[in-house]
Amino acid sequence: MNKWNFYTSKELKPRGWLLRQLEIQAQGLSGNLHKIWPDIRDSAWIGGSREGWERVPYWLDGFVPLAYLLQNEELIEAAKKYINAIISKQEEDGWLCPCKNKKRSEYDTWALQLITKTLTVYYDCSGDERIPEVLYRALRNYYELLKSGEIRLFNWGKFRWFETFIAMSFLKERYNEGWIDELAVILKQQGYDYGSETELWKTPRKLWRYKTHIVNLTMMLKAEAVSCGLLGEEYKNKAEKYRRLLDEFNGTVFEGFTGDECLSGISPIQGTELCSVVEQMYSYEQLFAYTGESCWAERLEVLAFNALPATLSEDMWAHQYDQMPNQIACKKLFPLAHFGTNGPRAHLFGLEPNFGCCTANFNQGFPKLALSAFMHSGNKIINSLMLPSELSADGVSITLETDYPFENRAHYSIKAERDFDFVIRIPSFAKGLKINGKAAESKDVEMHINKGETELELEFEAPVVLKKRPDNLFAVQSGSLLFSVPIKSKKKKIEYTRMGVERKYPYCDYELIPKSEWQYGLGSTEFTRSFSKIGDYPFSETAPPVTVTAEVRRIDWGHHPKHKSVCAKAPKSTKPLSDNIKIELYPYGCAKLRMTELPLLEGNK
């Protein structure tokens, strides 16, 4: 049973910069894929001839909460069109996916696992009372087919078996029938046991395999939390054990893991697939809800405020497949990419760089983050993420006004028709916490709120610190925000059509060509953080809301031996080639070209 429960889009609404970010998403790829991308527009899920597997379920998983959080009727109607088409094509025995009966044994049921999860999201947003029966029939059919041996788990379904448990738990609360528990056992028996081969994580190789696929692994982190209840197993916090191991051998500065496409080591020039970022965020949202442990929410923040916006253009019309912490250019790599198993265009910005899975799947990132701002349990409400939001549920209204994480202040306006207990999660890095102007211990705020109106004003400091990285490199961090040397760039627009998919402005591909210096080391450990304001684009590439002033010196960093558009893994030399130069570091999520991991030069002050 979860420590905390999620609110729905009817109860929790975004405000401030978060609302603006979701509006940008709706105006960009997310809100237009069903108009421009054949794999969504003409999908077999709605009777078309294009892809009938994971892409529509992936897209709906983020598009549905986006539409309902924004209360955008046009988007809501588009979502209903797809949901209605999917439901109308459910077969008599409950089979839900667009696959002919004789082909079922060849159909990777990862798509079924995903669409059932997505339908629970749709139910939470819409309250559509058809959904429980649709899910009941679909999963009962899945159980019968698996139990009889007519189908088995293989490929992606085998490695993502636990994803089914989101919908199974939904059904268990409503039907509580024994076959649901039996299905849980079958799925685990036929699914892959990640704990059996963790040695594979320690020595990444340029070898594609499901066992080290980065998206499988970031999904897997929540497996125990979402499945142990139905399986009747004791929760042993395997996620923390696995996270530490993955971080040791494949960790990134933004608390994710390298995977371009499979685990790729700890170099800052290896890539991280966008799908893995949003799936790791979702895993951490589920882990915080299940355990109530603040570490998962804090790690979620670092991913959400750095890795997610970094790999999206500020207008969210283009995205990368792979991002790199030290990324000096985004140009096609010749003759072969330095990535583990991905192609030479995987780090370009565009509609569908490398593979289209991220085009569909990145949409869940910000909407599900917004739905994690407040949670509840019994008579207790927690502000789990300090995001500008408005909660209205069960006789309680809470309006949170804040520019966090760009500025560390928050104002709560509470109107309550009943007494309740309120918790505000305070990040571990917070210093000098003040509540209504009075100094308080820098820990989670827990208070009893009486019926009536209450105002709370919180502020704290987030000192600028150096984060140690491998190869004697460091990153500048303040709170949940990382800061990078921004590299000015020229965008080279690439418009073309391939395999019936058109790329044209604003959803064409882009190369980013560097136009400013990047070969620096840190010349001082003194930094100044400055907040200005949040503009039209919260993660603006040219006018970030917050910066850190740093002193750097030029060095001879050098390039990758095979690619002049990729920097070396570590500096060729740390001998200073200049006196200290003051520059403005940008938030990692704002700097599309950047140097994030830097050496600390001798003689720094």
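Modeller: Two strands count as paired if DSSP finds at least two bridges between them. The model here is predicted, and in it His376 stands opposite Ile381 in E6.

Biologist: How do you know that strand E5 and strand E6 pair?

Modeller: Strand E5 (residues 374-377) and strand E6 (residues 380-383) are joined by four bridges. The rule asks for at least two, so E5 and E6 count as paired, and they run antiparallel.

Biologist: To which sheet do E5 and E6 belong?

Modeller: They belong to an open sheet of five strands, in the order E1-E5-E6-E10-E13, with mixed pairing. The edge strands are E1 (5-6) and E13 (445-449).

Biologist: What makes E1 and E13 edge strands?

Modeller: Each pairs on one side only.

Biologist: What is the strand order in the sheet of seven strands?

Modeller: That open sheet runs E2-E7-E8-E9-E14-E11-E12, and its pairing is antiparallel. Its edges are strand E2 (12-14) and strand E12 (438-439). Within it, E11 (residues 431-435) and E14 (residues 452-461) share three bridges, and Ile435 has Leu458 in E14 as its bridge partner.

Biologist: What holds the strands of a sheet together, in general?

Modeller: Strands of a sheet pair through backbone hydrogen bonds, parallel or antiparallel.

Biologist: Why is helix H12 called largely enclosed?

Modeller: A residue is buried when its relative accessible area is under 20%. In H12 (residues 223-231), eight of the nine residues are buried, so the helix is largely enclosed by the rest of the structure. Among the buried ones are Ala223, Glu224, Cys228 and Leu231.

Biologist: What covers the buried residues of H12?

Modeller: The cover includes helix H9 (165-174), helix H10 (178-190), helix H11 (214-220), helix H13 (238-250) and helix H14 (274-291). Just after H12, Gly232 has a positive phi of about 70 degrees.

Biologist: How do you know that strand E16 is mostly covered?

Modeller: Six of the six residues of E16 (residues 473-478) are buried. Leu473, Ala475 and Gln477 are buried on one side, and Phe474, Val476 and Ser478 on the other, so both faces are covered by the under 20% rule.

Biologist: Which strands pair with E16?

Modeller: Strand E15 (residues 464-469) pairs with E16 over six bridges, in the antiparallel sense. Strand E17 (residues 481-486) is joined to E16 by three bridges and also runs antiparallel. Strand E29 (residues 598-599) pairs with E16 over two bridges; the rule asks for at least two, so this pair counts. Here Phe474 has Leu598 in E29 as its bridge partner.

Biologist: How many residues lie between the strands of the hairpins that E16 forms?

Modeller: E15 and E16 form a hairpin with three residues between them, and Asp471 in that turn has a positive phi of about 60 degrees. E16 and E17 form a hairpin with two residues between them, where Gly479 has a positive phi of about 65 degrees.

Biologist: How do you know that the radius of gyration agrees with a compact globule?

Modeller: For 605 residues, a compact globule would have a value near 25 Å; the protein has 24 Å, which agrees. Of its residues, 62% count as buried. The C-alpha atoms fill a box of roughly 75 × 65 × 45 Å along the principal axes.

Note on methods
Residues numbered from 1 in each chain as written. Predicted model: local features only at pLDDT ≥ 70, side-chain atom pairs only at ≥ 80, totals over all residues. Heavy atoms only, no water. Rg over C-alpha atoms; globule rule 2.2 N^0.38 Å. Buried < 20%, exposed > 50% of the residue type's maximum accessible area, 1.4 Å probe, protein only. Contact = heavy atoms within 4.5 Å.
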